Amino acid sequence: MCTHAIGDRGNRIVLDAYEAALGAVPTNDHRFRVEHAQVLSPDDIPRFARLGIVPSMQTTHQISDMAGPRRAWARRVLGAYAWRSLLDTGVTIANGTDAPVEVVDTRRTFHARSRARTRRTSHRADGIRTKS
């Protein structure tokens with residue numbers, strides 16, 4: 001099962017629902033996934049690993065929409081794009097492109113992946129052009 005959740009409240013609701021489902025019907029091979037998991041409460045970060053839930057995140061979002069969230073999410077942005085915090089809990093992250101919302105460009109995806117690790121605010125990938 002895959003559920004779409006971007007904000008911290010949405011992610012908490014999904015994690016609570018998955019936890020309740022796993023409590024009712026325990027299974028180790030459930031393959032539950034949260035699509036985006038873009039803004040997380042620090043308390044929810046370890047829940048992904050504890051419950052065996054895969055966050056399916058898109059590193060390209062850090063390039064394309066980081067300026068907007070910084071303004072809109074205020075302090076919540078501290079829980080945004082929490083790849084390192086999630087990885088440190090032992091969880092496996094699925095990285096996707098979110099096409100067709102984001103452009104499918106391997107160079108941009110790898111550049112975004114690098115930015116996800118370093119948190120640098122370089123805009124170099126924004127100028128990458130593909131051959132027509």
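Me: Which strand does His-36 lie in?

Reply: In this predicted model, His-36 lies in strand 2, a strand that covers residues 33–36. The phi of His-36 is near 95°, a positive value in a residue other than glycine.

Me: What makes His-36 buried or exposed?

Reply: The relative accessible area of His-36 is 5%, and the word buried is used under 20%, so His-36 is called buried.

Me: Where is Tyr-81 found, and how do you know whether to call Tyr-81 buried or exposed?

Reply: Tyr-81 is found in the loop between helix 4 (67–73) and helix 5, and although Tyr-81 is not a glycine, its phi is positive, at about 55°. Its relative accessibility is 1%, which is to be set against the limit of under 20% for buried residues, and therefore Tyr-81 counts as buried.

Me: Why are strand 1 and strand 4 said to stand at the edges of the sheet?

Reply: The sheet is open, with four strands in the order 1-2-3-4 and parallel pairing. Strand 1 (2–5) and strand 4 (94–95) each have a single partner strand, so one side of each is left without a neighbour in the sheet, and this is what places them at the edges. Helix 1 (residues 8–24) packs on the sheet, where it touches strand 1 and strand 2, and its direction makes about 155° with that of strand 1.

Me: Which residues have the most contacts inside the largest nonpolar core?

Reply: That core has 22 residues, and those with the most contacts inside it are Val-34, Leu-40, Phe-48, Ile-53 and Leu-86. Two or more residues come from each of helix 1, helix 2 (45–51) and helix 5 (83–88), with helix 1 giving the most, four residues. Leu-40, leaving aside residues up to four places away in sequence, touches several residues, among them Ile-45, Phe-48 and Leu-86.

Me: What is the mean pLDDT of the protein, and where is the pLDDT below 50?

Reply: The mean pLDDT is 80, and 67% of the residues reach 70 or more. Over residues 122–132 the pLDDT is below 50, although this stretch has 14 contacts in the model beyond near neighbours in sequence. Where pLDDT is low, the predicted coordinates should not be read in detail.

Definitions and conventions: Residues are numbered from 1 along each chain as its sequence is written. This is a predicted model: local features need pLDDT of at least 70, side-chain atom pairs count only at pLDDT 80 or more; totals for chains, interfaces and linings use all residues. Side-chain values use heavy atoms; hydrogens and water are left out. pLDDT is the predictor's confidence in each residue, from 0 to 100. Contact means heavy atoms within 4.5 Å. Two strands pair if DSSP finds at least two bridges between them. Axes are lines fitted to C-alpha atoms, for helices over the stretch in contact, and angles run from 0 to 180 degrees between N-to-C directions. A nonpolar core is a set of buried Ala, Val, Leu, Ile, Met, Phe, Trp, Tyr and Cys residues joined through side-chain atoms within 4.5 Å. Buried means under 20% relative accessible area, exposed over 50%, partly exposed in between (1.4 Å probe, protein chains only).
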